[in-house]
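I opened the model to look up a few strand and helix details. My notes follow.

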Amino acid sequence: MSGPATADSEFSYELCVCRWAELAWPPGSDSNDESDAHTSDDTVHVVARQLGTKHRRWDTVVIECDPDALQARAAFGDDELDSDLLHVVRNAPAEWAWYRDALPEPDYPWRYVREAVHRAADRGVVQTRSEGNRIQLKQIAPYPDWVQRLIAIENKPDLDAAAADRLAEQIDHDVETGLADEVWVATAETGATVEPALLEALPVEAGILTTDFTGGVDSDAASVAWHPTSLTPTHGDDYRVSRRLELAERAYGRGWREYHATMRPDCRHFELRRTGRLLVPWCAAKECHQSSSVCSGGCEAFEPEPPAWRTKGWPIDGGPGAGIRRLLAARAARKR
């Protein structure tokens with residue numbers, strides 16, 4: 001079923017921005033390609049949501065990647081590599097070596113490194129063997145340098161003065177740390193001669209995207225109102241590279257479609273409705289685009305699917321809820 005993408009929750013707006021970025025990044029690019037992701041000869045991109053550090057979390061994250069290196073990253077599986085696994089995988093030698101000779105000295109006990117080596121071997125992202133009582137390891141392939149730039153987007157469909165004041169402090173932090181290469185604010189287009197977002201006291205380093213999802217999500221549903229300034233990092237190169245790579249790995253493994261893990265697609269009222277080139281969760285009981293905070297087993301309208309639904313065969317083996325999970329997982333995998 002089709003319908004306009006409304007901003008009845010910041011969650012649904014966030015999904016709209018993620019899908020638009022998947023279709024049309026970078027903003028202002030002139031692409032008539034009908035495929036699902038804008039690409040150029042020298043860059044592709046991965047989109048994720050709700051990623052960050054313990055000090056800062058971004059609504060939408062775009063990782064600009066080297067296409068050949070991104071393809072090489074696929075050798076290490078679909079799941080993300082955490083910081084401990086990255087320590088092992090990035091430094092695994094091309095020839096067999098004792099892991100304590102092969103890996104850089106950690107700033108934590110070696111027993112935790114040994115645990116990470118075993119986890120990496122279980123995942124199949126390194127090879128291991130025992131030589132006496134020593135664990136040797138060897139790379140399955142060189143870990144590629146696949147991350148080119150990290151872009152952060154804050155989503156504020158209704159950017160009033162109060163919201164702008166709160167957001168300004170967060171963006172000041174982004175500008176100061178320079179962990180992201182660019183920071184953007186996405187807000188709903190008002191049609192005013194001068195968009196209100198341009199009049200708010202936001203840091204000038206932040207770019208501003210104005211969006212119009214009333215006709216659904218497509219590549220032309222957002223435009224640039226203000227171009228961002230490239231940010232200068234304040235941390236050393238090693239710290240910045242490591243933190244950005246950890247974020248990029250989370251983006252690669254999680255994407256932005258895993259919202260079903262915190263919602264109840266097994267409820268008989270849970271649907272996916274098409275709005276342009278986006279499928280948005282819809283609650284048939286409440287007649288709204290719900291968010292994970294209200295779509296749970298504690299919802300007063302929650303009704304589990306009847307058992308008979310779950311015994312149905314193709315095309316919804318296991319019932320509509322299982323079909324929705326498979327659909328979202330398949331689309332996420334295709335975007336990698």
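Which residue in strand 5 is the bridge partner of T128? I found L137.

I noted the ground rules next. This is a predicted model, so I kept in mind that local features need pLDDT of at least 70, that side-chain atom pairs count only at pLDDT 80 or more, and that totals for chains, interfaces and linings use all residues. Residues are numbered from 1 along each chain as its sequence is written, and side-chain values use heavy atoms, with hydrogens and water left out.

**Strands.** I took helices (H or I, at least four residues) and strands (E, at least two) as DSSP runs, numbered from the N terminus. Two strands pair if DSSP finds at least two bridges between them. Strand 4 (residues 126–131) pairs with strand 5 in the antiparallel sense, over six bridges. Two residues sit between these strands in their hairpin, where G132 takes a positive phi near 70°. I then checked strand 3 (residues 97–98). Two bridges join strand 3 to strand 5 (residues 134–139), and the two run antiparallel. Here A97 stands opposite L137.

**Helix 3.** I looked up burial in helix 3 (residues 83–91). L85, L86, H87, V88 and V89 are buried (under 20% relative accessible area; exposed is over 50%, partly exposed in between, with a 1.4 Å probe and protein chains only). The buried residues of helix 3 pack against helix 5 (110–123), strand 4, strand 5 and helix 8 (237–254) (contact means heavy atoms within 4.5 Å). At the N-terminal end, D82 caps helix 3. A side-chain oxygen of D82 lies 3.1 Å from the backbone nitrogen of D84.

Conventions
Polar contact = N/O pair within 3.5 Å; in protein donor to acceptor, adjacent residues only side chain to side chain.
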